[in-house]
Structure formats: C-alpha cells, structure tokens
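Visitor: I have just opened this one and would like a slow walk through it. Could you take my questions as they come?

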Amino acid sequence: MASPTGLKRNANHLSTPASDAKKPKANGSITSFFGAPKPRPANTKTLTVSSSSSNFNKDKWVASLTSEQQELLRLEIDTLHESWLSKLKEELVTPEFLGLKRFLKKEKESGAKIFPPENEIYSWSRHTPLDKVKVVIIGQDPYHNHNQAHGLAFSVRPPTPAPPSLVNIYTGIKNDYPTFQPPPNKGGLLIPWAERGVLMLNTCLTVRAHQAASHSNKGWERFTQKAIDTVARVRTNGVVFLAWGSPAGKRVAGINRQKHCVLQSVHPSPLSAHRGFFNNGHFKKCNEWLAERYGPDGIIDWSLIPKKTGGSLATISGQAPVNAQVKTSTAKPPDSNPSEESKVASVKLMGPDGSLDEFDDDVDALEVLAAAEAAT
C-alpha cells in the first residue's frame with residue numbers, strides 16, 4: 001500500500017498543461033466535464049474567501065440592534081460562527097428572519113420539544129467556518145427523534161446508529177473507494193467530515209419532536225439559501241456542491257457551474273437510492289475536481305475510522321491511492337442489492353405514528369412510495 005509521500009507524488013500528473021486545457025478528451029478527467037480550473041498563484045494551495053471577516057466588529061454590530069432584535073437574535077449572536085455572522089448579519093435583521101425567531105420563541109414558550117438542541121442549531125457554522133468550506137452537502141429536515149439531530153445534515157451522535165440514508169451514503173463511498181470502512185458500532189457521527197471542510201447544511205434547521213417538516217416554510221429556507229449563496233459568492237476558487245434529491249437540486253439551481261462543481265442525483269433514502277445514488281460516483285468525482293483545482297492536499301478524506309499512528313494514508317483515509325482515485329472510469333460498479341433494500345425500506349423507516357421516520361419531505365422517495373402503494 002502506498003505511503004503518504006508516494007500518494008502525493010503520484011498525484012502530480014493531475015496538473016493540466018496549458019496547451020491541453022481547452023481540449024476535452026474522451027473518458028478524460030473530471031475536468032472535461034466541469035471545465036479546466038483557472039490558474040492559481042504558485043503559492044496558493046488553499047481555498048480562499050474573497051473578503052475577510054476580520055473587519056467585522058461584532059460588538060459594534062450588536063450595539064446597533066434594537067433591544068428586541070438583541071433578544072430575538074441572542075442565539076445567533078452567541079453561537080453562529082463569526083465568519084458566517086459577518087456575511088449573514090443583514091439577513092438576520094430582515095422581517096422574514098425576525099418573524100421566524102418570533103415563531104420559534106412561541107414554540108419554546110409553548111413547551112414544544114425542538115430538535116436539535118438549541119446550542120447545536122448552528123453547530124455546522126462552528127465545525128465548518130466559511131473560510132474552510134470545500135464541499136457543501138445539502139440536507140432537508142433535521143432528524144426529529146431523540147438523540148439524533150445535532151446540527152449537521154445526515155449526522156447523528158452516538159450511541160444512535162447511522163440512519164438508513166447515511167448507511168446508503170457509506171455504500172456510495174465504498175463503491176467509489178473499496179477500502180472505505182464504515183465507523184465501528186454502526187456509528188453515524190460526521191463531525192470529522194465537517195472539520196475537514198464538508199459543510200453539511202439542512203434546508204430547515206429546526207423541527208418539532210416527532211413531527212417531520214413541522215418548521216418548514218417558516219423562514220429557515222430563505223436563511224439557508226442565503227448561506228448557500230454566500231458560499232458560492234465568497235469561495236472564489238470554487239467548491240463542490242452535492243445535491244441529493246429534488247429539493248436539494250432546487251437549492252443549487254443558481255450556482256455558477258463554471259466556477260463551482262455541482263453534482264446532483266436522487267436522495268440516498270432507501271426508497272430512492274436504488275434509482276441511481278449508489279453508483280453516482282459523487283465522492284470520487286468530488287475529490288477528482290478538488291485535486292485538479294487544488295492538488296492532492298485539497299481532497300476530502302472520507303474516512304470516519306480513527307487514524308492509527310504509523311498507518312499508511314491509503315489505510316487511514318479509506319481511499320484508494322490517488323493515482324487510482326482520480327482516474328475517471330466509464331464503468332459503473334454493481335449496485336448494492338437495491339431490490340432487497342427497497343423491499344424492507346418502508347418497514348425500517350416507519351415511525352411509531354406510522355409516518356415515514358426519516359425523509360418525509362424527500363420528494364423523490366415519496367414519489368416512489370406513492371407508486372408502490374398504488375400498485376398494491
């Protein structure tokens with residue numbers, strides 16, 4: 001198995017000569033699909049932000065708010081990472097967002113149980129500051145049962161096992177990188193990805209316990225769209241957007257695809273994953289694009305297994321050596337027994353009230369479910 005030094009050396013072939021930059025080749029690299037990257041300064045190896053938040057005076061901004069605004073926005077002031085706060089501050093004082101905060105205040109005063117816990121609603125911003133974003137994974141509704149949602153789309157804290165959609169995500173990674181191993185104890189904690197630059201952002205950031213989509217259309221969608229648009233605007237060297245399912249696809253409709261890489265497919269939920277998610281190749285394509293643009297140090301390590309001292313990079317990352325990893329293949333790996341998964345999906349995902357337990361707002365999944373019910 002290749003050593004870390006060997007992996008980096010083997011990736012040197014990724015650089016596209018200037019003479020070939022405008023010549024797409026059949027079965028070529030991911031660059032042929034998304035266009036050759038813009039030249040970067042010789043000393044630039046990181047993804048940059050177009051303007052810094054260092055000039056943002058948080059105390060001055062807070063002092064400019066009315067007393068009601070300060071009360072309503074206390075959570076944002078205290079827990080939204082400053083890199084995000086500096087860019088989203090104008091959105092926070094709009095009538096729409098303040099209306100959302102009044103709604104959430106009434107929910108709290110009514111005694112309703114809200115997920116995720118209040119101090120984790122913006123955990124995505126702290127685990128993945130704006131200037132560190134390399135990849136954006138767009139989720140939908142937070143998980144709505146106890147000890148599940150903690151502010152990162154698709155992620156759950158232990159001892160909660162990985163939900164079905166996340167299990168399917170693991171399968172997708174393994175199809176791209178056969179050496180990938182899911183975390184032990186059926187784990188589903190994705191904080192390592194967040195800290196490596198993968199922003200996992202739900203479209204809606206809160207939900208009532210056991211009531212999927214109960215906080216949709218209250219104002220979160222506008223706010224999170226603003227966050228997505230902010231990434232697209234200020235991450236001037238480009239990032240990768242992974243949009244799974246129809247709702248997520250709508251969120252990336254306005255992204256500049258000359259500057260950024262946008263990868264779309266069906267949702268990984270068991271009722272739709274077999275229609276193309278397992279073999280979409282998104283995890284490898286994501287890294288191919290990042291490697292082409294930023295070199296081997298820019299790729300995402302998808303591993304969730306704790307690293308062992310002295311292990312090789314290929315082992316601890318769960319990925320194939322870079323020279324194999326960045327080769328775009330036209331062959332599709334076999335699907336992961338989708339027929340069996342789809343047979344048991346409705347049984348696995350039913351909540352205690354008989355509703356779908358994980359993806360009630362997944363349009364792709366609901367279409368499949370409706371078709372299945374009509375056929376019975």
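Visitor: Among contacts in the chain between residues at least 6 apart in sequence, what share joins residues at least 24 apart?

Guide: That share is 73%, where contact means heavy atoms within 4.5 Å. Please keep in mind that this is a predicted model, in which local features need pLDDT of at least 70 and side-chain atom pairs count only at pLDDT 80 or more, while totals for chains, interfaces and linings use all residues. Residues are numbered from 1 along each chain as its sequence is written, and side-chain values use heavy atoms, with hydrogens and water left out.

Visitor: How many helices and strands are there?

Guide: The chain has 17 helices and 6 strands, taken as DSSP runs numbered from the N terminus, with helices (H or I) of at least four residues and strands (E) of at least two.

Visitor: And what percentage of the residues is buried?

Guide: Of the 376 residues in the chain, 51% are buried; buried means under 20% relative accessible area, exposed means over 50%, and partly exposed is in between, using a 1.4 Å probe and protein chains only.

Visitor: Let's look at the sheet. What is the order of its strands?

Guide: It is an open sheet of 4 strands in the order β3-β2-β5-β6, with parallel pairing, and two strands pair if DSSP finds at least two bridges between them. The edge strands, each pairing on one side only, are β3 (198-202) and β6 (261-265). From one strand to the next the twist averages 20°, with axes being lines fitted to C-alpha atoms, for helices over the stretch in contact, and angles running from 0 to 180 degrees between N-to-C directions.

Visitor: Which helix packs on it?

Guide: Helix α11 (residues 220-234) packs on the sheet, where it touches β2, β3 and β5, and its direction makes about 155° with that of β3.

Visitor: Is β3 enclosed or open, then?

Guide: Strand β3 is largely enclosed by the rest of the structure, because 5 of its 5 residues are buried. Val198, Met200 and Asn202 are buried on one side, and Leu199 and Leu201 are buried on the other, which leaves both faces of β3 covered. In a regular strand, side chains alternate between the two faces of the sheet.

Visitor: How many bridges join β2 to β3?

Guide: There are 5 bridges between these parallel strands, and Ile138 stands opposite Leu201 in β3.

Visitor: Changing topic, where does UniProt place the active site?

Guide: The UniProt record, an unreviewed entry, places the feature "active site" at Asp141; UniProt positions are given in the numbering used here, feature names are shortened, and annotations may be inferred rather than shown by experiment. Asp141 lies in the loop between β2 (135-139) and α9 (164-176), and Asp141 is buried, with a relative accessible area of 9%.

Visitor: What does its side chain reach?

Guide: The side chain of Asp141 reaches the backbone nitrogen of Ala213 at 2.4 Å. Ala213 sits in the loop between β4 (207-208) and α11, and its phi is near 65°, a positive value in a residue other than glycine. Most residues other than glycine have a negative phi, and most peptide bonds are trans.

Visitor: What about Pro268, is it buried or exposed?

Guide: Pro268 is buried, with a relative accessible area of 0%, and it lies in the loop between β6 and α13 (282-294). Not counting residues up to four places away in sequence, Pro268 touches several residues, including Phe154, Trp244 and Phe277. Pro268 and Trp244 are 24 residues apart in sequence and 7.0 Å apart in space, C-alpha to C-alpha.

Visitor: Which rings are linked into a cluster?

Guide: Ring pairs link Phe154, Trp193, Trp244, Phe277, Phe278, Phe283 and Trp302. Rings of Phe, Tyr and Trp (its six-membered ring) pair if their centres lie within 6.5 Å, and planes under 30 degrees apart count as stacked, over 60 as edge-to-face and the rest as tilted. The count comes to 15 aromatic pairs by this rule. The pair of Tyr170 and Phe180 is tilted, because the ring centres are 5.9 Å apart and the planes are at 45°.

Conventions. Polar contact = N/O pair within 3.5 Å; in protein donor to acceptor, adjacent residues only side chain to side chain.
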